There are 2 protein chains.
Amino acid sequence: VGETTCDGKKKVYEIFNSYIPTYIMEVPQKKDPKQRELWLKEVELFKEKMEKEAGVKITPEVLGEKIKLINARRKALERLYEFRKNSPPPISGKDALLVSQIAFYDDPERFISKVNELCDELEERVKNGKGVVEPTAPRILVSGCPMVVPNWKLHHIVETSGAIVVCEETCTGTRYFDTPCVDDTPTDIDGQLQAIADRYLNIKCSCFTPNDDRIDQIIKFARDYKADGVIYYTLQFCLTYNVEYEKVKRALNKEGIPLLKIETDYSREDTGQLKTRVEGFLERLS
Amino acid sequence: VGETTCDGKKKVYEIFNSYIPTYIMEVPQKKDPKQRELWLKEVELFKEKMEKEAGVKITPEVLGEKIKLINARRKALERLYEFRKNSPPPISGKDALLVSQIAFYDDPERFISKVNELCDELEERVKNGKGVVEPTAPRILVSGCPMVVPNWKLHHIVETSGAIVVCEETCTGTRYFDTPCVDDTPTDIDGQLQAIADRYLNIKCSCFTPNDDRIDQIIKFARDYKADGVIYYTLQFCLTYNVEYEKVKRALNKEGIPLLKIETDYSREDTGQLKTRVEGFLERLS
């Protein structure tokens, strides 16, 4: 299953489809009522497709349960991120990133229970004033493209340079849980599908235009997580985040929030170069 | 006025908008009935916007005239391209490209009359067996991204290397006139807007998914224009044409049509390098 969020993905799914059947959902680019209507239709068609492929009927009872389950997963991650606002944070950015990456493929019930266990431990650490860095370590908010396993490159560089990543404003970070949960009150299929469609259309990904809410979020997170600086992280193929940087830069300059832009890929070749740039940025913050 | 055809344009319009108000129309990515409905709505909203901005009322009489006028422009270009199927062609690719580029900003009535005058002259040349190259010169079909003034780089390289460009399968070439004209039979506004929406949604640009009709077109044009080879032309930022190349390559290999891919930009820096590659390709054709 693919979607039309960005050009790179949209066109690569066509090639995937020549190897394995790939079903495409159209994600609209604007968020007006007519666009919401199209997106809702795509969600409904996807439900029908799933029923046909799996030979099952999706009932409001089962769908309602699953909505609650996935909302609980979002809440577990939200609880985890909350601890990172402490100074010093009781967990490193790299560990927190790994947890949020695992959310995408682990069994949800196991994941929720394990993350809550971890959070209980973090609660103890915070009570006892235990952190993973000195309270003076520069705090970094990472903002931009998602990072999937095994992509820990930027976090590793930042956290071996004396700083700590306190939050990821990405689709593998806050955008996964901070966009309000799916409304779990509807008890009929139509209402449930509407709630799902609304929740996903509300994500502040740069594939949408305009996407100014994201800029407000970055500034809010920089404050909430007491970030000393923001590293804007884009992958080379990702035009939308690359161009959206211009608006983010203007807004953050206005707020006086230090900003570094990094454009990279999944290879290790530029690690040395990136480390030099990150170290230079951290010097500016101290 | 901008649109959401590709990520690069979609996001740059946001920056334009911070300098000058930029109105965005959402072009859907798929071409299913629900997508057509969204696009029709966008065309209707755009009409309303134009009426408001210009303080006029768009009547079916005036819109009907304009539809006929722009269709006549398409037909003039179609007539011009038809002459390029001759061997040898009576007009160079660079001259034909310039004519189709001018279509985008010249006064339509003047343009139509001047192009038809030119075509009368070309008709004479063909009758007298006059061509711009020897009949043995390799014939090239260019396929891919649009070329706007002053972009004649590839054509200049090809035509100073002993070959001739006989057709452009691009949005500044065949896609401008070969997609059937707007249906000019409706006499009411709703029918006219539907005809306009349908015509534009029918364009075979790589921003759509899937876009397999384009591949059929390339093969058809290669035959109709008796091309000895195809040069696939993409601009660096244009992910959709870049990725769609994979499918085109498979299809053209299967048909035994020689193919060269060129990725470039508007600068002159790679001219020498491109010339070497084009010359190597032309040697393969002879």
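**Notes on the A–B interface**

1. Start with one pair: B:K34 and A:E37 join their side chains in a salt bridge, 3.0 Å from N to O (a side-chain nitrogen of Lys or Arg within 4 Å of a carboxyl oxygen of Asp or Glu). Chain A and chain B have eight salt bridges between them.

2. A word on the model: it is predicted, with local features needing pLDDT of at least 70, side-chain atom pairs counting only at pLDDT 80 or more, and totals for chains, interfaces and linings using all residues. Residues are numbered from 1 along each chain as its sequence is written, chains are lettered from A in the order written, and side-chain values use heavy atoms, leaving out hydrogens and water.

3. How many residues does the contact take from each chain? It takes 38 from chain A and 38 from chain B, where contact means heavy atoms within 4.5 Å. Together the chains bury about 3,200 Å², with 55% of it on carbon and sulfur atoms; buried area is the accessible area (1.4 Å probe) lost on putting two parts together, summed over both.

4. Now the symmetry. Rotating by 180 degrees, with 0.0 Å of shift along the axis, superposes chain A on chain B at RMSD 0.0 Å (least squares on C-alpha atoms of residues with pLDDT of at least 70 in both). The two copies are thus related as by a two-fold rotation axis. In chain A, the C-alpha of A:D7 is nearest the axis, 3.1 Å from it.

5. Why do the copies meet through the same surface? Because 100% of chain A's interface residues are also interface residues in chain B.
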